[in-house]
Amino acid sequence: DALSISEGQQAFALVQHAGSNIHLTVKPAHDWDSNLLKESIKMDQQRGFVHKVFINNYIRTDRSHGFRALIVMEDHSLLLLQQGAIVWSREDGLASIIDVTTSELPVEKAGVSVAKVELNLFEWLKGHVLKLKGTLMLATPEDIAAIQYMRLKSSEKSKMTRDHNGFRKLLIALTRAGKLFALHTGDGRIVWSHLLQSLHKSESCRQPIGLNLHQWQVPHHHALDENPSVLVVGRCGPSSDALGVLSLVDSYTGKEFSSLRLVHSVAQVIPLPYTDSTEQRLHLLIDADKHAHLYPKTPEAIDIFQSEFSNVYWYSVDDDNGIIKGYALKTKCSGNVADEFCFDSRELWSIVLPSESEKIITTATRKLNEAVHTQAKLIADQDVMYKYISSNLLFVATVAPKASGEIGSVTPEESWLVVYLIDTVTGRVLHRMTHHGSQGPVQAVLSENWVVYHYFNLRAHRYEMSVIEIYDQSRADNKDVWKLVVGNHNLTSPVSSYSRAEVITKSQSYFFTHSLKAIAVTLTVKGITSKQLLIGTIGDQVLALDKRFLDPRRSVNPTQAEREEGIIPLTDSLPIIPQSYITHSLRVEGLQSIITVAAKLESTTLVFAHGLDLFFTHYAPSRTYDSLTEDFSYALLLITIVALVAAIFVTWILSQRKELQDRWR
């Protein structure tokens, strides 16, 4: 854009790419042959091309015109250029994260130099020289600052190796610009970033769009020499029938070691619970025509898949037409081109919702990596209830078509909210409930055998949260507590969706004062720790709410046995405890999503919230009962142990002396 630099004089800027450099030229608008400024700046190629340039002028001390340039790069980063240098830069691409996954860090091997993992050899030697100078009191102020920086960088939290508690990980984030970032959970620094070539605009892919991230290879103890990798799925356009693109990226280095432009579309990605001998996870990619494509395309993968062929089911949700369908695999694709990794599907069932009365607005499923401690729940009267645990459970929320707009756009009589619990293998509707006079938006989370969802009650002019718990009645006869204790029960017997279990549900609704932006549930490694809901409020904060407040068995006057069980007396609204904000006084501006990851420590879950801001913390729903806090006084413990040992030694000597005196008598 033209910039007025003086009366009657305007200037404009040109940016040209030349390899790894960009040339910035500012010219007067009335004389294109002369230059007001000409600079060359070395630019990181992982930032891509320049998208926009904004120039600003200032008066130098010699009364000449100087220029600054604010540049927006292809990866959505911002840079300020002045006098041939980058004054500052911001990774604003992280404000538009699409999907996040985690990766374990390398194991710290004994006898291997830390320089191999964290720093190159020169920096490692330089650090030791600086420390030696500091010890000999020869360090300059610059050396002291460098030593402090290195100590901070090499602290336990920021080490590039995994820790015993599983707190140190890499957060792999995919942004809307098609760039991958690896963030260290210890200090939030960017370990690496990579602008994906597969999501780069080209002649064959005019509108590349990143869809999601999946863990592709997760090496375990017998294959630790292999680096973990992630699968990035995208497509060349906004429509579901656009051709897909895949990228495989090394989680440790950010190197894109494989990129593939597909000959089919990608409407759905299904990670399968099977891995090959190199621990690559098998994935099914469903195209717009409901053909299933298996990846990786290896003979070993097809052999593993063939053995589990009859156990693969999936479903699709058509929000616009209100249709939910279930599918299974049929035979290999019968197209013109033979592809042994392509399979036709057959429709097993379909649920068609009446378009004149219901419109799908929200769906929710269980997390695949969620741990369930036990299927049995012992209630106050020593009775046993069995949770209906199924990874095939789907929650669906629909509203009246007129009520799909903003809150207050319809009257209570014209609005209703209908929720479903559906088994996606058989298409059986396990539960259906209607909330009259309610409308969306609906935020929902499904965990174990319960679902919690948030909506607006037009009649009460307040937000509400409801809970549904589902139990398996087909095991009602097996209620012997002693069998549960000694293990003589049938909890490990095979369970099939076709067994048509008898289920019962318990539900309850509560008023809630806040509108929600996101909702998640805490995850722990073994599922023993009590569950808590993590709620993203309209104020861009994250609130932790104990699941016990959303127990459908709450009553106004619980019995003594129910109180001992931990059931809280019933109130019409859910409490908001100021101390329960895990973000404390901070705000996660533009909060979009909350991701929870289980740590190796049973008591702790890792929480990552992102929007315009990024927020990460460790959270212990039941307190840190299995570890010591960071402010624990080890010195006091050592002094106490020494004092106890000294006291034992003194009392032993006194006892021996007294015993000897008694014998002389």
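Select glycine 19 to start: in the hairpin of S2 and S3, with two residues between the strands, glycine 19 has a positive phi near 65°. The model on screen is predicted; local features need pLDDT of at least 70, side-chain atom pairs count only at pLDDT 80 or more, and totals for chains, interfaces and linings use all residues. Residues are numbered from 1 along each chain as its sequence is written, and side-chain values use heavy atoms, with hydrogens and water left out.

**The hairpin and its neighbour**

Now select residues 9-18, which are strand S2; eight bridges join S2 to S3, and the two run antiparallel. Two strands count as paired if DSSP finds at least two bridges between them. Within this pair, alanine 11 stands opposite proline 28 in S3.

Next, select residues 21-28, strand S3, where six of the eight residues are buried. Buried means under 20% relative accessible area, exposed means over 50%, and partly exposed lies in between (1.4 Å probe, protein chains only). In S4, isoleucine 41 is the bridge partner of isoleucine 22.

**The whole chain**

Zoom out. The chain holds six helices and 38 strands. Of its 665 residues, 44% are buried. Its accessible surface comes to about 35000 Å², and 54% of that belongs to carbon and sulfur atoms. These areas come from the Shrake-Rupley method with a 1.4 Å probe; for residues, only the protein chains shown count as cover. A contact means heavy atoms within 4.5 Å. Among contacts with a separation of 6 or more, 54% are between residues 24 or more positions apart.

**A loop residue and a surface patch**

Select serine 96, in the loop between strand S8 (85-90) and strand S9 (97-104). Is serine 96 buried or exposed? Its relative accessible area is 9%, so serine 96 is buried. Not counting residues up to four places away in sequence, serine 96 touches His76, Leu174, Thr175 and Arg176.

Move to Leu132, Leu136 and Leu138, which make a nonpolar surface patch of about 320 Å². Patches are made of residues with over 30% relative accessible area and no salt bridge; like charges are joined within 9 Å, and nonpolar side chains (Val, Leu, Ile, Met, Phe, Trp, Tyr) within 5 Å. Leucine 132 is in helix H1 (residues 121-135).

**Salt bridges**

A salt bridge is a side-chain nitrogen of Lys or Arg within 4 Å of a carboxyl oxygen of Asp or Glu. A search of the whole structure finds 20 of these salt bridges.

Select glutamate 358 and arginine 432, whose closest N and O atoms are 3.5 Å apart in a salt bridge. This pair links distant parts of the chain, 74 residues apart: glutamate 358 is in the loop between strand S22 (342-352) and strand S23 (359-365), and arginine 432 is in strand S28 (residues 429-436). Glutamate 358 counts as buried at 7% relative accessibility, while arginine 432 counts as partly exposed at 47%.

Then show arginine 366 and glutamate 370, whose side chains meet in a salt bridge (2.9 Å, N to O). Both arginine 366 and glutamate 370 are buried.

For another pair, go to helix H6 (residues 634-664), where glutamate 659 and arginine 663 lie four residues apart, about one turn of the helix. Their salt bridge has its closest N and O atoms 3.1 Å apart. Glutamate 659 counts as partly exposed at 35% relative accessibility, and arginine 663 as exposed at 67%.

**Aromatic rings**

Rings of Phe, Tyr and Trp (its six-membered ring) pair if their centres lie within 6.5 Å; planes under 30 degrees apart count as stacked, over 60 as edge-to-face, and the rest as tilted. By this rule there are nine aromatic pairs. Select phenylalanine 456 and tyrosine 463: their ring centres are 4.9 Å apart and their planes are at 75°, so the pair is edge-to-face. Phenylalanine 456 and tyrosine 463 are both buried. Elsewhere, Phe305, Phe309 and Phe343 form one aromatic cluster.

**Last stop**

Select serine 466 in strand S31 (residues 462-472). At 1% relative accessibility, serine 466 counts as buried. Leaving aside neighbours within four places in sequence, the contacts of serine 466 include His435, Tyr455 and Gln508. The C-alpha atoms of serine 466 and tyrosine 455 are separated by 8.5 Å, with the two residues eleven apart along the chain.
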